Structures are given as structure tokens and as C-alpha cells.
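Have the sequence and the coordinates open side by side as you read.

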Amino acid sequence: MSIEITSLTKNFGAFPAVKDVSLHIKTGEMVAFLGPSGSGKTTLLRIIAGLEFANHGEIFFDGENVTMKSANERKAGFVFQSYALFNHMTIFENIAFGLRVARRSKRLTNEKIRERVLSLLETIQLSGLENRFPVQLSGGQRQRVAFARALAVEPRVLLLDEPFGALDAKVRRELRAWLTEFHNKTHLTSLFVTHDQDEAFDVADRVVIIDKGTIQQIGTPEEVRSGGGNAFVRDFLAIDI
Amino acid sequence: MSKKRHILPGFHLSLGWTVTWLSLIVLLPVIALAGKTASGGWEHFWETVTDPEVVATYRVTFGISLIAAIINGVFGFLAAWIFARYEFPGRRLLEAATDLPFALPTAVAGIALTALYSPNEWIGKYLEPLGIKIAFTPAGVLIAMTFIGFPFVVRAVQPVITELSSDVEEAAACLGASRWQTLRHVVLPPLLPALLAGIIMSYGRAVGEYGSIVFISGNIPFRTEITPLMIVTKLEQYDYTGAAAIGFTMLAASLVIVVIGNKLQSWGNRFRKSA
């Protein structure tokens, strides 16, 4: 799915979190939003998901204006840094949640739901853990469950908010490799918020560098790294020219 | 042979102290009550606790308390939700008012409620022409029981709602869940143990309540008499073993309620156990 953002602005009280951001994301792209904390990158992602609403500007999914649509109408696959798993449900029910709340006319049968959940568990390499509760899993396992839960409803876009931020370095690398592989296989349009430039350059097709609510530079990892950006970008990436 | 070691020191000392304290404060009076009851003999005990007038009070005390506890469950939850989730002018004042039944001497509450609902008083005089009687009816008992039990639910549930992070609600929304589905499947289940705890405490409070009820209920035998009143009546007639017998029966019933409550809570908390 392609995403078109036109002059998006969001203020929290007097504080401008996102200032006049316009961006086009092509179908199948993996784009990283890279910037220091407080730069507005997460707010931008949340506006795209429908978890925040902009003061100005519009958002189009595949040409359809979704600016006024709520999060449950947009159904973007959202992965949180905190996993946001439903702790009172088993792993199986966590992944099945989006399928169970679907409108009756579109709801899958229990057998189909079971089939899909078990196949997703295989994809995230956690087969056999479907009856566990989230507290019984490690951080890396929980985040993979969160991935599977987001993917279960077959979203047209995957939004990842610092998905590996709470994990240790080794698990981070493994999951990063897994995500790259997954994206290469499925070409699901994905937006990825991070403050870790290695992560951004490693995973993304294009990197959007954000600071103080505005886009500082957009380009492929090579373009951005080559040092063509402004003073902020060079300083942030510690590029010496 | 290695002794089991504890990281925190003083386990045995604090356990010993706890057991001693519990024995003195809780167990001893219970044993004394049992002893007093036993001294009257089985026949007297059975006669007293199955007396039709006493049996009628069980219905009022345990039955109406249950209704009051459920009402408090619903409205206490609502109040806790509003206090935890919204910031509005006067919130602190409302929260303080919620705790009032904790602090208010129950007799004062009883007089206040009677002053409101008696046929010629503030609210009573408007309800009377409509054929609704509150004072000196089971409805009055219900109101008093609801009044004194209300803060228990609010205080049990509010901290858990505050603790609940909003990201799970957002996750549910992104998965296509409606507000209602999110509330029903994501928000409420983790709150259930706290809500049950609040309802049980509110129930226990209502079962044991005396002061605020006896004024508004009018103490009509077989209709609005509560079990604690029976105890007081027996005491006034110097029938100490009779009073103890009824007290013992209430104690046993309360114990059953507490055990059921604990079972329900651990069931509601089953997902918190890590293996």
C-alpha cells in the first residue's frame, strides 16, 4: 500500500510535535524514521496509524483519504516498543484477537483462525508456545508475538515504533535480521521508527531523518550516509567531511 | 544438609511476630466466641439460629447486602474509572466525598439517611405520593448498605485502572476492535480481580453493618430486621450464649464468603503467574 502525507502538522498545546511534513511512501517500501528522541518521529507514526490526529494536513492510503478515520477503521499493523500484549490472554488468543473482533460477516471460522495463528507461530518460530501467557515469555519472544498479532489481520501497512528498543543487543540483531528477511519475502509496506542509525541503515530502503518535527533529509542509506545533508544531519550521524 | 537461606534477614522473627499478633487480635476472639457458643449446648444453639425470626434476618442481611455489593460494583467501577482516567474541576472534592462513608460514624449516616427518606422529609415527601417508600422498608436497608460499601469498590479498583497502560487499548484499536470490544475484552478482564475484591469487601462491610441500618430500617420483624440487630437484642435480654450463637453463624458465613472471594480472585489473576 502506498502512503501519501501532505503538509501534516500536529501541536501538543503550544508545542509543535510535527511541522508541515509531506512524504510519499511507495508500495512495498521499508522506510525508517530516524531522529533523536523528542524529534516527532513517533508522533508522525501514530498519526499515520490513527492513534493521534493532526491539526492540519491529510493522509492517503492508496489514494483514499483516511485523515478522519479512526485507528480501528485504518487497521494499520502497529508494533509497540512496550509490546502491548494482552497479558490476560494466551499467546494463541493474543494473535487471534484481531481475527476474533472482525465484523461477523468478515469473521473467519474457528478452524481458519486456528490455522492462521498456528502458521504465524511457525513464522515467528514460537510453535508450541500457544498456550503460554505473555509473562512466561522473554522480551524477544514477546515482541515476535506482537509482530504475529499485527500480521494476523493481514494489514496493508506495518508500523513499528522502536520495536527493538527494549531488547538486548543480541536479540536485537536477530530480530532485525528476521524482519529484513520477512520484508524481503512479503514486501509489506513498512514504516519503522528508531533512534539507532545502524538499525535504520541496515533495515530500510529509504531513511527519513527527522528533527524538531520537520524532515531534515530523505534518501537511501547510501545517499544519507554520503554526507549530502544539512548541518543537523551531519552532526547527528557524526559524518566528518 | 543446608538450611534454606533467605535473602532478607529476620524472616523467623517477623513470622513469629505475625503469628503471635494474628493469634491475639484475630484468633483469640474467634475462639472465645466459639467457646461461648459451645457453653450454651447444641440444642440451645440450634434453637437460636433456626428461630424463624432470626432466619428471616439472614435473608435481609445476606441477601440485601449482596444486591448492595453488586450495585456498588457497577457504580463504584464507574466512579473509579472517572477518577483514574479524567481530569476535571472538583475531582478531588468528589474523591474525598467518596471516602466519607469510611470516616463517618455509622450512626451519623443512619440519622442522615433517615432524615432524607422518612415520609415527611426531603426526599421522602416527594416519593411518598408516588407510592414509593424507602424508610422502614427493605429499600431503606439497601440504601444504607450501598452507602457504607461504596468506597471499598472505588478504592480497590482505582489504582489498578491508573496502572493500566493505554498501549494495549491502542493495540486493540489498530487490530480493528471497536471501543466496546476493547473495553470488554482488553480493559475489563485485568480489572476483574480488583473489582471482585472490592465487591467482596463491600459485601462483608454490609453484612456486618449495624449503626446506619437500624434507624432507616425501622427494625420490623420478618421484614427489615438485620442479623446484627438480633445479636444486640439477645444481649439486651442477657442471653449471651444466644448472641454468641448467632454471631458464630455469621462468622462461619463470612468465612465462606472470604474463601469464595479468594478463589474467585486467584482465578481472575491466573494469567499473572509465571512458570
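In this predicted model, H2(B) and H12(B) are roughly perpendicular to each other, because their angle of about 65° falls in the range of 65 to 115 degrees that counts as such.

**Helix pair in chain B**

- Helix H2 covers residues 42-49 of chain B and helix H12 covers residues 240-268 of chain B, and their axes lie 9 Å apart.
- The crossing of H2(B) past H12(B) is right-handed.
- On the H2(B) side, the contact is made by His44(B), Phe45(B), Thr48(B) and Val49(B).
- H12(B) meets them with Thr241(B), Gly242(B), Ala245(B), Ile246(B) and Thr249(B).
- Sorted by class, this contact of H2(B) with H12(B) holds five polar and four nonpolar residues, with no charged ones.

**Where chain B touches chain A**

- Chain A brings 22 residues to the contact, and chain B brings 18 residues.
- Two helices of chain B, H8 (167-174) and H9 (179-208), each supply at least two residues of the side that touches chain A.
- Which helix gives the most to this side of chain B? The answer is H8(B), with six residues.
- The side of chain B that touches chain A has 11 nonpolar, four polar and three charged residues.

**The sheet in chain A**

- Six strands of chain A form an open sheet with mixed pairing, in the order S6-S7-S8-S3-S9-S10.
- Strands S6 (77-79) and S10 (214-219) of chain A stand at the edges with a single partner strand each, so one side of each has no neighbour in the sheet.
- Ignoring direction, neighbouring strands of this sheet are turned by 15° against each other on average.
- S6(A) runs parallel to strand S7 (residues 157-161) of chain A, and three bridges join them.
- Gly77(A) stands opposite Leu158(A), which belongs to S7(A).

**An enclosed helix in chain A**

- Helix H3 (residues 91-100) of chain A is largely enclosed by the rest of the structure, because seven of its 10 residues are buried.
- Those buried residues of H3(A) are Ile91(A), Asn94(A), Ile95(A), Ala96(A), Phe97(A), Gly98(A) and Leu99(A).
- What do the buried residues of H3(A) pack against? Their partners are helix H4 (110-123) and helix H5 (139-152) of chain A.

Terms used: Residues are numbered from 1 along each chain as its sequence is written. Chains are lettered from A and ligands numbered from 1 in the order in which they are written. This is a predicted model: local features need pLDDT of at least 70, side-chain atom pairs count only at pLDDT 80 or more; totals for chains, interfaces and linings use all residues. Axes are lines fitted to C-alpha atoms, for helices over the stretch in contact, and angles run from 0 to 180 degrees between N-to-C directions. Helices (H or I, at least four residues) and strands (E, at least two) are DSSP runs, numbered from the N terminus. Angles under 35 degrees count as roughly parallel, over 145 as roughly antiparallel, 65 to 115 as roughly perpendicular and the rest as oblique. A crossing is left-handed if the near helix is turned anticlockwise from the far one by less than a right angle, and right-handed if clockwise. Two residues are in contact if their C-beta atoms, placed from the backbone, lie within 7 Å. Ala, Val, Leu, Ile, Met, Phe, Trp, Tyr, Cys and Pro count as nonpolar, Asp, Glu, Lys and Arg as charged, and the others, Gly among them, as polar. Two strands pair if DSSP finds at least two bridges between them. A residue is buried if 20 or more other C-beta atoms lie within 10 Å of its own, exposed if 12 or fewer, and partly exposed in between; C-beta atoms are placed from the backbone.
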